[in-house]
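Hi everyone, thanks for coming along. I'd like to walk you through one model today, so please have a look at it on the screen first.

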Amino acid sequence: MSKIYSLGIDVGSTTVKTVISDENGEIIYSKYQRHFSKVKETAEEQVRAIAAEYPDAVFKTAVTGSAGLGLANAGGLPFVQEVYAAFVAINKCYPDADAAIELGGEDAKIIFITGGVEQRMNGSCAGGTGAFIDQMATLLGITADDMDELSLKSEKLYPIASRCGVFAKSDIQPLLNQGARREDIAASVFQAVVDQTVSGLAQGRTIEGKVLFLGGPLSFLKGLRKAFKETLKLDDEHAIFPENAPCFMAYGSALHAMENGDKTYSAEEIANLIKNAVMSDSTVTGRRLFESREEYEAFVERHKKCDLAYESIETYSGDAYLGVDAGSTTTKMVLITPDGKLLFKHYVSNKGQPLDVVTKQLRRIYELIGDRVNIVAGAVTGYGEELIKAAAGVDYGVVETVAHYRAASFFQPDVDFIIDIGGQDIKCFKIKNHAIDSIMLNEACSSGCGSFIQTFALAMGYDIAEFSQLGLFAEKPVDLGSRCTVFMNSSVKQAQKDGATVEDISAGLSSSIIKNAVYKVIRANSADELGENIVVQGGTFLNDAVLRSFELEMGKNVVRPAIAGLMGAFGAALYAKEKAEQEKRTRSGLISQSDLETFAYTTRQANCKGCTAHCSLTILTFSDGHKFISGNRCEKGAGLAAKSNVPSLYEYKYNRLLSCVEEKPSSAKAKVGLPLCLGFYEQLPFWHRMFTDLGFEVIISEESSRKTYYKGQHTIPSDTVCYPAKLAHGHIESLLERGADVIFYPCESYNVDEGGSDNHYNCPVVAYYPELLKANVASLNEENFICPHIDINLKKHAVSVIEKAFEKYGLTKSAISDAYDNAWNALKTYQSDVESKGKEIIDYARLNNMPIIVLSGRPYHIDPEINHGICKLITSLGMAVITEDAVFRNVSTPKLDVLNQWTYHARLYRAAEYVTTQADMQLVQLVSFGCGIDAITTDEVRHILESKGKLYTQLKIDEINNLGAAKIRLRSLVAAMGR
Amino acid sequence: MSNAVFTPEMKDTHTILIPDMLPVHFRLIASILDQYGYKTELLRNDGRSVVDEGLKHVHNDTCYPALLVIGQFMDALKSGKYDPNKVALLISQTGGGCRASNYIHLLRKALDKEYPQIPVLSLNFSGLEKGSGFQITPQMLFKMLFAVLYGDILMLTYNESRAYELNKGDSQKVLDKWINIITKRLEKGGYTKTKQTYRAILDDFAAVSRSKEKKPRVGIVGEIYVKYSPLANNHLEEFLLSEGCEPVVPSFLDFCLYCAVNNVNDGEIYGFKNKTTFTFGVGYKLIYAKQREMIKVYKEHGEFTPPHDFEELRHYADKYFHQGVKMGEGWLIPAEMAALEEGGVRNIICTQPFGCLPNHIVAKGVSRVIKEAYPQANIVAVDYDPGATKVNQENRIKLMLANAR
C-alpha cells in the first residue's frame, strides 16, 4: 500500500490554501491563491492540480477557514476550526512560542499559549485585517505592496481609527485632502492595525515572550511587521515570521487530519466531493432589478432626458463660471456658460492628491479656452474646499449642501427632496419653501457607501462599471441587509458560501446601499415621507443598478441628471455666478495660466501650540511663498488672531470644574484620587468638597488626551463601548501614576433628582463603570480602589456608606454629615455659576447680534478630547455656545412620547423645549458613538424642536478627530438659519 | 403618537398578540390569559421580513431585541392575517435603568402612522402604564408564577433529554404532552400537587431512551431576549444540538427572582423601607420557596440536573460583582456564569445584542474575573444584530467548541 499523505485545505475569505504533509508532518507541497469569490471553483482547481501531480496517492484530509465551513458541510468533508488548526501547527513547529497573532483576509485572531491557552477572534465589528489594508490601499490609489514600500519611508504617525474600515476612511480622507504625505499615512494605517489587534483582541492580556506572526498580510507586508515589532517591543529573536505563514492554517488542518482523520481519499475523490458540494441556499433573495431588457431600455431612455445642454469649449467665446467639488475620493470640475451650458467637465478619482488634480485640469482649461473665454468667478465645495481656495485662488467657498441644492433646482425647480450618494457620504435634504429645511448625513459608521462598491468590485477582480452592470439582470439578487459596510462584508461572505453568483452579489450590494440610505440615514417609514419631486445625484447614482434599486424601493420614478456625479461642481459654478452678479465681479481671482506653470508646493507637519488641544497641523507652502494651514480647530492654528470674542460656555465650564481642585487641606490624611471621567465631569465639586472637608488631599487624573486613551487601551474589555467610557481606563492609570493612596469612584445607579422626570437614573455605563474597571484593571484591588454603591440624594445612607468605605481613617458621622452638606452646596454653586455664566453669554451674544447655539450633550462632553473642539468650530462660525445645563431649568419638561428616566437625558428635553421659545437660539446635540440611550433621545429631541419650527442638528462623535462631517452640518445649519 | 386604550369591552372583540420570547413559558402564560377571557395568540413569524420591518420602524441604533419584537408585530400586522381593528399587542416592560423600558414607547411610535387604533398593553410588575382595561389580578399573577415554574422544568429537562435521545422526537412528544396537561391543570388552579407533577414530568423524560455518551455541555447566558428567543439567537439551541452538544439554558425563574430581589436590595443598599421593598420581599420569599421545592424534587429524583438555587446565585454574584448592578441583566449574568462553572458546565456562550449597554459591563466586562476564578472556563461572547451573519456567529461558536473537546 502506498504512503498516506495528509491534505489541508484552507478556504478563507479571500484566498484558498492547500498543503500536503507526509506522515512525519513535513510539508511536501503548498499553494496559496486568491479566489476572487469563486470559492468552490478555486478550491476544486487546486485539488485537481494535486490530483494531477499525485495521481496514486492516498490522503487524509480536513478543511478549515471561514468559507471552508459551508464547503465542508455541503461536501461531506471533515472540518476543523481555523484558529484550532493554527494551534495544532504551532504546537508542532514552534512548541516554545508564547503567543501567536494571525491576520487573515477578514479575521484577526490571537492565541495565547503560555499562562493559560486562550484563543480569540475579532468580534463581528472589526476592521484591522487584510481587507482593511486593501481598502486603505485602494483609497490611496495604490496596491498593498506599494503602500508597504511607502510606509517604510514615513516620518510621522497620525492617529487613525482601525476599529472599522469606515472609521479609518473618515480619518484618512481629510489627511489626504490636506496634503499629508502618503508615506506617513501608509505607516499610520499599519500602526492602526497594530493598535486594533492590541486593544481589540488582547483585551487586557499582555502580548509578550516569543510571538508568532501568521497569515497573508503579516508575511507579505514589511511595514506591518515592523509596526508590530516596535509596538510590542520585540527583538528579532522574539518576533517570528514563519516562512510558511500564509499556509499555516492549511498545514495545521493537514496535521489535524493526520492525527484524527479516519477516512482516506484520493485527491480525485476530494475534488469531486468539492465539485458536487451543493451549498444550501439559505440566503434570502431580493427582487430582480429588471424583468427584461426592454424594461431596462425604457429606463435608460427615461433618464436620458435629464441632461444639460453642451457648448463646445473650443469654439465658445464669452463669460464662464468655474465650479470645483473637491470631494472625499473624487474631484469634480465644471466650466459653464452664464446660461448653464456645459463647456468642460472632469470627474476623476483624486487618489489622495486633490490639489494636483485641480491644478492639472486648470492648465488644461486654460489651454482649451485660449483668450476667448473670460472666467468671471469660481467657487469650490467639498472636503478640500479650503485647500483649493487657498492654493488656486478660487473666489468663493460654498457648503456642499447649498451647492447640491442649487444644482438640483436647476433640473427640477420644485425639488423637495435631494439624495446624494458620493464616495464616502450620503447626504439627504428636504427642501421647504425653496430653502434647505432638514439635512441628514450618514454617521461616521456607515459612510463609505460608493467607495465600498468600488473596493468590492476590485476585490472580485472587476472594474466598477463592469461590476455594477453585472447586477442589472441578476436572476436572484441576494439580500445583504442594511448596516455598515463591515457587516455587509460578512453578509457577502455568507452569500458566497451559499453559492451566490457575482451577478447576484452585485445587485444585492446596490440594493443594500439604497436600504442603508433610506432606512438608516433618512429613517423613512414610507416613500411618501420623502417628497414628491426627488432628485438623486452623486457619482454612485450613475450606477444604473443603484438608481433602479432606489426607484424600486421608493415605488416612484425620480430625476437623475446625466451629470449626477458633477452636481456639486455644477452647483458651485451656479453659486459663483450668483455671487459674482451680486458683487458685480467681472474677473475671477483664479491663479493665472503663467503662475500655474511654476506652481509647486511643499508639505510640512507640525503641532499647533496655541492651546492645550495641540491640533496636528499640515502646512502647505506654495511656490509664491504663501501658506495654507489645515488640521486646526480654531483660527489660532491658521495663524490668524482669534476672531472677535465669540463666547463659549464649554471652556468656562471646563476651567471652572478643574479649578475647584486647587484647594487642598493643610495636612492630609491621605491622597484620594478622583478620575476625571464620566460622571465626575459634574460631580467633581461635590466629591472634592466632601474629601477636602474630611481632611484628604484630592488629586485628579490628567486632562484627557489621545495619550490617556492609549494608556488604558489594553484593559478595555468591550470595544464597542462609548469613547468617554474607554477614556476612563487611562484616567485610572494616570491616578496610579500620580500616587493616589486610594482611588474613589462610586457606582451610582441614581443621579441627582432634578424633578420633572419619571426617574433619575444614570445610564448603565456611567452607573457601573467602576465595577468594570475593578474587574479589568489588574493593578486595582480592595485597598486602592473604593467603589461603593451610593445614591447621593439620600443623606443618611450616603453618610454611612462613606463612613464604612473609609473606615480605616476613623471618620465620624457628624464630620461626614457636615461635609456632605457642604458638598451639596459646592455642587449647587457650580451649577448656578454655570447658569449665570450662561446668562452672561446670552446677553453678550444678543448685544452683539450673534446667534446662540445650545450645544447639548452630557457633562463629560466638555472634555476637549471627547468633543474634539466642536465648540471652537461653532464659535469660529460666529455663533455663541452655551450648554444644556445652563438653560434647562428655565422650563418644565414638555410632553414626551418616551419614558423619561435618566437625569442627563431629561435635561436635553427641557433644553430643547427652552430653545423653541427663543428666536435666536438653535440646539445642536452631541452624541457619543455607541450611546444606546441616545438612540431614544435623538428622535425625541428632534421631534420637540421640529414640531415648533426649529432645526435639529446632531453631531456624532467618537475617538475620530476629523471634524469634516461636523463642519458640513454646522455650516449647513448656518446657511439654513440665514434664510 | 398612538395611544389607543384597551377598553374592557375589547376583551371580547380583540385578539392580543404576544411576541415569541420563551416558546414554552409563553405558551403557558398565554393559556392563562385565555382562561380569563382574553383571546391571545403567540406570534411565530420568523425570517428576514421581521428584521426588515424592524429596521423600518425602529431607530437602527436601538438594541436588537426592540427591533425584533417590534418587527415581529409589524410583520404580523402587515401579513393580512389580523383585522387591525380587532387586535391588541402585549409587550413586557421591566422599568429598569436600561433603555429596554422604552420598548413600549418605541412600539407605539412605530404604530403611529399606520395603525393608530391598535392598543398596546404593558406586562409589568412595577406599576407602569396604569389605567388600562388590561389588568393582571393577583390570582392571574399567581397562576403565571406556576406557568413559569412548569415552563422551567419542561424547558430544562427537555433540553437535557433531547441532547441524548436515541429516537429523534421522543423528548418533543413528552414536552407536548405535558404542555397540554399543564394548560388544563392551570385552568383549575394548578397550585396543588406540584411536587407530584414535577415528579411525573421527570419520570416521563427519564423514560425516554438516551445514550450514555458524554457530550460537551454548553451554557447559554446573556441578555434575556436574545438568550431565550430562537428568532433572536438564530436558533442557537438547535445549532448546538446539531454540533453534538447539550445546550444548558438557565431557568427563566432566575430572571423573575432577580427582578424581584433587586427591589429588596435597593432598600438594603440605600437604607430605606417602604411598601415596595416589603411587597417584593414577601413575593421573593414565596417564589424562592417554590424554587427550592422544585430543586428538592429534582434531587430526590436524581436523573436530571436541577436549576440553580437562587440564593446560591446571589452568593456567587457577591464574589464578582455588587448586587447593586441592576440594570439589564446586571449581576445575574456573572452569577449564572459562575454557577454554570461550579456545576461543571465549562463552556459558556454569552449572547448579547450588539452594543447592549449593560452587557459592556456585566458580560464582556466580567469575563476576565470569571476566567481567573475558573481557569477551565471557555467563554465566548456572541453579538446579535440585524447585520451580523450566521456564519460569523457560528464560526466563533465553533472555535469555542473546538476548545471544548
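I'll start with how the chains meet, then turn to chain B by itself, and finish with a few elements of chain A. Please keep in mind that this is a predicted model.

Let's begin with the contact between the chains. Chain A brings 59 residues to it, and chain B brings 54. On the chain B side, the elements that give two or more residues are helix 3 (48-57), helix 5 (103-112), helix 11 (252-270), helix 15 (357-364), helix 16 (367-373) and helix 17 (390-404). Which of these gives the most? That would be helix 17 of chain B, with nine residues. If you sort the side of chain B that touches chain A by class, you get 20 nonpolar, 20 polar and 14 charged residues.

Now to chain B itself. The domain assignment divides chain B into domain 1 (10-136) and domain 2 (215-404). Taken over C-alpha atoms, the centres of these two domains of chain B are separated by 25 Å. Their contact takes 21 residues from domain 1 and 21 residues from domain 2. On the domain 1 side, helix 2 (23-35), helix 3 and helix 4 (64-78) of chain B each supply at least two residues, and helix 4 gives the most, with five. By class, that side of domain 1 has twelve nonpolar, six polar and three charged residues.

While we're in chain B, let me point out one residue, Glu243(B). You'll find Glu243(B) in the loop between helix 10 (236-242) and strand 6 (246-248) of chain B.

Over to chain A, and a pair of strands. Strand 6 (residues 108-112) and strand 7 (residues 118-121) of chain A pair in the antiparallel sense over four bridges. Within that pairing, Ile110(A) stands opposite Arg120(A). Arg120(A) belongs to the uncovered face of strand 7 together with Glu118(A), while Gln119(A) and Met121(A) make up the covered face.

Next, helix 24 (residues 680-693) of chain A. With 14 residues at 1.5 Å a residue, helix 24 should span 20 Å, and its end C-alpha atoms are 18 Å apart, which agrees. There is also a kink of about 30 degrees, centred on Phe686(A). Why can we call helix 24 of chain A largely enclosed by the rest of the structure? Because twelve of its 14 residues are buried. Among them are Phe680(A), Trp687(A), His688(A) and Phe691(A). The cover over the buried residues includes helix 23 (649-659), strand 22 (671-674), strand 23 (697-700), strand 24 (742-744) and helix 29 (813-847) of chain A. After helix 24 comes Gly695(A), with a positive phi near 90 degrees.

Last stop: helix 21 (residues 567-583) of chain A. Its 17 residues reach 24 Å from the first C-alpha to the last, close to the 24 Å expected. Helix 21 of chain A is mostly covered, with twelve of the 17 residues buried, including Gly568(A), Phe570(A), Tyr575(A) and Lys577(A). Just after helix 21, Lys584(A) takes a positive phi of about 55 degrees.

That's my tour, and I'm happy to go back to any part of it.

Methods
Residues are numbered from 1 along each chain as its sequence is written. Chains are lettered from A and ligands numbered from 1 in the order in which they are written. This is a predicted model: local features need pLDDT of at least 70, side-chain atom pairs count only at pLDDT 80 or more; totals for chains, interfaces and linings use all residues. Two residues are in contact if their C-beta atoms, placed from the backbone, lie within 7 Å. Ala, Val, Leu, Ile, Met, Phe, Trp, Tyr, Cys and Pro count as nonpolar, Asp, Glu, Lys and Arg as charged, and the others, Gly among them, as polar. A residue is buried if 20 or more other C-beta atoms lie within 10 Å of its own, exposed if 12 or fewer, and partly exposed in between; C-beta atoms are placed from the backbone. Two strands pair if DSSP finds at least two bridges between them. The expected span of a helix is 1.5 Å times one less than its number of residues. The bend at a residue is the angle between axes fitted to the seven residues ending there and the seven starting there. Domain bounds come from an automatic or database domain assignment.
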